[in-house]
Amino acid sequence: MASGQEYTGLQKDRNLEILLSNIRVCRIFADVVKTSLGPLGMKKLILMELGDLVATNDGGTIIRWLDLLKISPPTVKMMIEAARAQELEFGDGCISTVLLIGEFLSKAENLLKLGIHPATIIEGYKRALNKAIELLREKISIPVSISQQEILKNVIKTAIKQGDAADAEYFSRLLLNATIKVLSGDNGKPDLDLDYVKIIHVKEGYLSDSCLINGVVLDRKGLDPNMPKKIENAKILLLNVPLALHQAKFIEQSIKALLTSPKHVQEIIMQRKKMLEGMAEKIVATGANVIISSQNIDEIVLGYFAKNNVMAIRWANKFDLKKISHGTGARIISNPEEATAGDLGFAESVEELKIGDDKMIIVRCGSQSKVVSLIIRGSSRVIVEETEKLIKKGLYSARSVIRDSRVVYGGGAAEIDLSLFLKDYAYSIRSKEQIVIEKFAEALEEIPAQLAKSAGLDPIMALTELKALHQGGNRTFGIDVLNFRIGDMREAGVLEPASIKENIIKTAIETALMILRIDDVLTTKKKIKERHDDKELLEELHREARKLELRLGRELRRDYEKVAIDDTWKWKPIRY
Ligand SMILES: Nc1ncnc2c1ncn2[C@@H]1O[C@H](COP(=O)(O)OP(=O)(O)OP(=O)(O)O)[C@@H](O)[C@H]1O
Ligand SMILES: [Mg+2]
């Protein structure tokens, strides 16, 4: 530790120094990630080893990449795991999670410096979390219903993090339509099964050419040249078994015949053809005019189908089969011998279309379709893939609102509200926990502060103004990032699912508490195992922290749009 006079109480404790060292690396990590928060968050330019290039402000991608750096401090690994868990469950909120972990730890560091014991901080944080959840549920979130489609659209729009308002509006409408189509639910509890929203990339055209198809698109699938290219009023048979005979057995029989009685070879070939055509005949007899199989279909069978004006598609993806089954009512058949007209599904049409450079098969299920396909078009792979990530965020957020029926105002409005309520609550407590809860509340303010920075506003001025507005009853005000000012989030339509917000805070505090409980690092790494005294361990930790700072500084210095506004990269002197 540096001065030895900064801390009281635990000041000579080596465990405290380990704890502070851990907090420091976590703060460094959070500082790197948090500048990407919000629709105008800075992007990170990621250079892959094989020369691929990605410019992104998607938290999940940044975290995944940082994980690939194999950053050594285990506490950073814990932050990465927390963000990934958040993404896995809610598809959104990675950056906020990392930012809050860093902020909760940073406030804890201040408290440690005041001589407050880690156990008191942990208890205070737990108490604050419980109160925060209660406040979010009872005072801050707003109940909504899925019939309020404008609200659902705004939730999607907020989640897709588009700096370009026109694109955001276009995609949020598209996703709202997709959501409404796929909506399901048992026992009156609405739900959204995202398995029935298929996303297809087309590297050609403009983002505004992206569209929604009421049905299933089988991508990169062309038809046999002799097949009909379009079938109206399709009666679809789905198969997950091959329509072919055992090839090896046939070859064996033919070779045997060739060696013993060559005139039988022709007979064997004819016999095989007859069997295959018999198979095809039975299927055509069901009334099916489109056959889609996840397995092989023999050329002879394909030929028979083509002759009878039946379209057949082989090697379809088995998940696509499930989607088509859901959309058309067709049953997936494992025994073609037993297929009947009752197993068929119905679609408006099935046709082959060329989109971009690729041929696709489109199964249109009509306006009442319960399955949809979203074709994302863009001029490059990077644009299309980035858009897909944002679209997934929109869909996940819609699902969260549909499941939980509660939203909060975004742009930091909910955090300011929560912070003010928590401070009031803190003043009712007569113990050291009061100051801990106050720090918890202050940590939440970092979200609006960071959003203000991303919009070029002075964060301190923005926070004071926001707090005054909220105290005066204007609880819907937040940072209107896209208009570079403080504004009414209700008017701007910046809404977020309450369940995501709740989980971000929960995950962040749980991770921060885990890190606060660590007061020693035991490792099987030879270098550290062989250390003789605590001084060496501490030096090792400092070195690790310094390495991380240098590494992140070096690797991420290539921040997109360069560092003019965002100067977190700049070298910060390390205080030991
Ligand atoms: N138009 C907007 N105006 C103001 N704030 C916005 C707007 N759109 C989104 N936000 C805010 O941005 C924050 C979310 O930003 P972002 O999506 O970058 O972070 P994240 O969800 O934590 O991470 P990620 O989406 O990358 O996993 C939320 O606080 C949200 O309220
Ligand atoms: Mg987000």
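1. Two strands pair if DSSP finds at least two bridges between them. Keep that in mind as you look at this model, which is a predicted one. Strand β9 (residues 230–239) and strand β13 (residues 345–355) meet that condition, with six bridges in the antiparallel sense.

2. Ile-355 has Asp-358 in β14 as its bridge partner. How many residues lie between β13 and β14 in their hairpin? There are two, and Gly-356 in the turn has a positive phi of about 65 degrees.

3. Here is another hairpin to compare by eye. Strand β17 is joined to strand β18 (residues 485–488) by four bridges, and the two run antiparallel. Within this pairing, Gly-478 is found opposite Gly-487 in β18. The hairpin of β17 and β18 has four residues between the strands, and Phe-484 takes a positive phi near 55 degrees.

4. Let us move on to helices. Helix α5 (residues 118–140) packs with helix α13 (residues 413–426) at an angle of about 120 degrees, and their axes are 10 Å apart. Why is this pair called oblique? Angles from 65 to 115 degrees count as roughly perpendicular and those over 145 as roughly antiparallel, so at about 120 degrees α5 is oblique to α13. The crossing of α5 and α13 is right-handed. On the α5 side, the residues that meet α13 include Ala-128, Leu-135 and Lys-139, and among their counterparts in α13 are Asp-417, Phe-421 and Tyr-425. Sorted by class, the contact of α5 with α13 has 10 nonpolar, no polar and three charged residues.

5. Helix α12 (residues 381–404) and helix α18 (residues 498–516) have axes 8 Å apart and pack at an angle of about 100 degrees. The two helices are therefore roughly perpendicular to each other. Ser-397, Ser-400 and Asp-404 of α12 make the contact with Ala-498, Ser-499 and Ile-500 of α18. By class, the contact of α12 with α18 divides into two nonpolar, three polar and one charged.

6. Finally, have a look around ligand 1. It has 25 residues around it, and those that come nearest are Gly-59, Cys-94, Ser-96, Gly-410 and Gly-411. Two or more residues of this shell come from each of α2 (59–68), α4 (94–113), α15 (446–454) and β17 (477–480). Which element gives the largest share? That is α4, with three residues. The shell around ligand 1 consists of 10 nonpolar, nine polar and six charged residues.

Definitions and conventions: Residues numbered from 1 in each chain as written. Chains lettered and ligands numbered in written order. Predicted model: local features only at pLDDT ≥ 70, side-chain atom pairs only at ≥ 80, totals over all residues. Axes fitted to C-alpha atoms, helices over the stretch in contact; angles between N-to-C directions. Parallel < 35°, antiparallel > 145°, perpendicular 65-115°, else oblique. Left-handed = near helix turned anticlockwise from the far one by under 90°. Contact = placed C-beta atoms within 7 Å. Nonpolar A, V, L, I, M, F, W, Y, C, P; charged D, E, K, R; others polar. Near = placed C-beta within 6 Å.
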